[in-house]
Amino acid sequence: MKFISEYRQPEKVMALVSTINDKLDKLAPTRPLQIMEVCGGHTHTIFRFGLDKLINKGIEFVHGPGCPVCVLPRQRINEAIEIAEQEDVIFCSYGDAIRVPGENGNLLAAKARGADIRIVYSPLDALELAKQNPQKNIVFFAIGFETTTPPTALTLQQAKRQNISNFSVLCHHILLEPALRSVLDDENVRLDGLVAPGHVSIVTGQQHYQFCNDEYQLPVATAGFEPLDFLMALESIVDQVSNHQVKVVNCYQRAVSETGNKIAQQAINDVFTLSESSDWRGLGNIEHSGLSLKSAYQSFDASLRYQLNPNRIAEPEGCRCANVIKGLAKPTDCPLFAKGCTPENPVGALMVSSEGACSAYYQYNVEAKPITLSK
Ligand code: SF4
């Protein structure tokens, strides 16, 4: 197939759904297979295309920690606002992040108070702003997993080459593997399979998930974001469970290779080093789970340029973001869901992001049973 639309063709989708349902009927699991889609993009694929209603009761979808905006800690939002409100700063961010609540509001509210905050589509847009505004300090809010880290790295390489001194980044780049380990190490989490995110895999390569097989005996399939992509991954996991196999299967071969994008990996290695630890909303503090700038790039580090308040901030009261991020609760289990927390007035980041599980449940009016935690 050559075109995206071909991965949505109803007759092909229904044929594959029917095959998967037949296989599930034959397998007849004693409880639904718990299959975690790591990425929020996949969560939205499931509900946008109604796959949860088409697949029979043999699968329970468990939503994972792969939405980068959802795991942004409140402290980092506070820091972003602290920088953005400085007199000479133009603060640049991806669109989703400006609505994520910190302790006292979000970047959008800071913009309404007068801070110069701009939405950009790429760190290169922010670098361009730095060139156009030499009298201002341009700070880019660099967030995300391995998918968005290479553009930040390449932009910083360019800024260094061109000696642009009024550009810096507030860095919250994070790594998928430690987040997955944190979830898989939780004794309450019992998964039967993992759908790995296609975009991270393009950078890291398929081999990135081998530890899930070797250390957690967990079947994995990498998927793209169209319905057929996702269903192919589901079929692979059902097949692996049925045949007592544990493999990493590439169901997104048009984009993902075994070893990933070497140029992107090289750029990351040139610019970034592993942080000692990093804070995650919902998952807490995880060792070696984030990236910071290598010493050659430290002059571009906004957290060193600005004196930031280092205090950690607790999650808001009543919010179940932590359990939803770990797949231990469904958004509808949260007492604030659609009441105190809505897309217009979000309490947690999962209601903000276009990849957030809570926003998917709200947007697609999903009714879910409480999650099964049986071993
Ligand atoms: Fe967090 Fe809101 Fe979702 Fe509750 S409904 S888990 S507060 S984002």
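## Helices H1 and H11

H1 passes H11 in a left-handed crossing, meaning that the near helix is turned anticlockwise from the far one by less than a right angle, with clockwise being right-handed. H1 covers residues 10-27 and H11 residues 227-242, and the two pack at an angle of about 20° with their axes 10 Å apart. That makes H1 roughly parallel to H11, a label for angles under 35 degrees.

Helices here are DSSP runs (H or I, at least four residues), numbered from the N terminus. Axes are lines fitted to C-alpha atoms over the stretch in contact, with angles from 0 to 180 degrees between N-to-C directions.

This is a predicted model, in which local features need pLDDT of at least 70 and side-chain atom pairs pLDDT 80 or more, while totals for chains, interfaces and linings use all residues. Residues are numbered from 1 along each chain as its sequence is written, and side-chain values use heavy atoms, without hydrogens and water.

## H7 and its two partners

H7 (residues 149-161) packs with H6 (residues 123-132) at about 25°, their axes being 9 Å apart. H6 is therefore roughly parallel to H7, and their crossing is right-handed.

H7 also meets H12 (residues 262-271): the axes come within 8 Å and cross at roughly 60°. H7 and H12 are therefore oblique to each other, and this crossing is left-handed.

## Around the ligand

Which residues surround the ligand? They are Cys319, Arg320, Cys321, Cys334, Leu336, Phe337, Cys341, Gly348, Leu350, Met351 and Cys358, each with a heavy atom within 4 Å of the ligand.

This shell divides into nine nonpolar residues, one polar and one charged; Cys, Leu, Phe and Met count as nonpolar, Gly as polar and Arg as charged.

Note on methods: Parallel < 35°, antiparallel > 145°, perpendicular 65-115°, else oblique.
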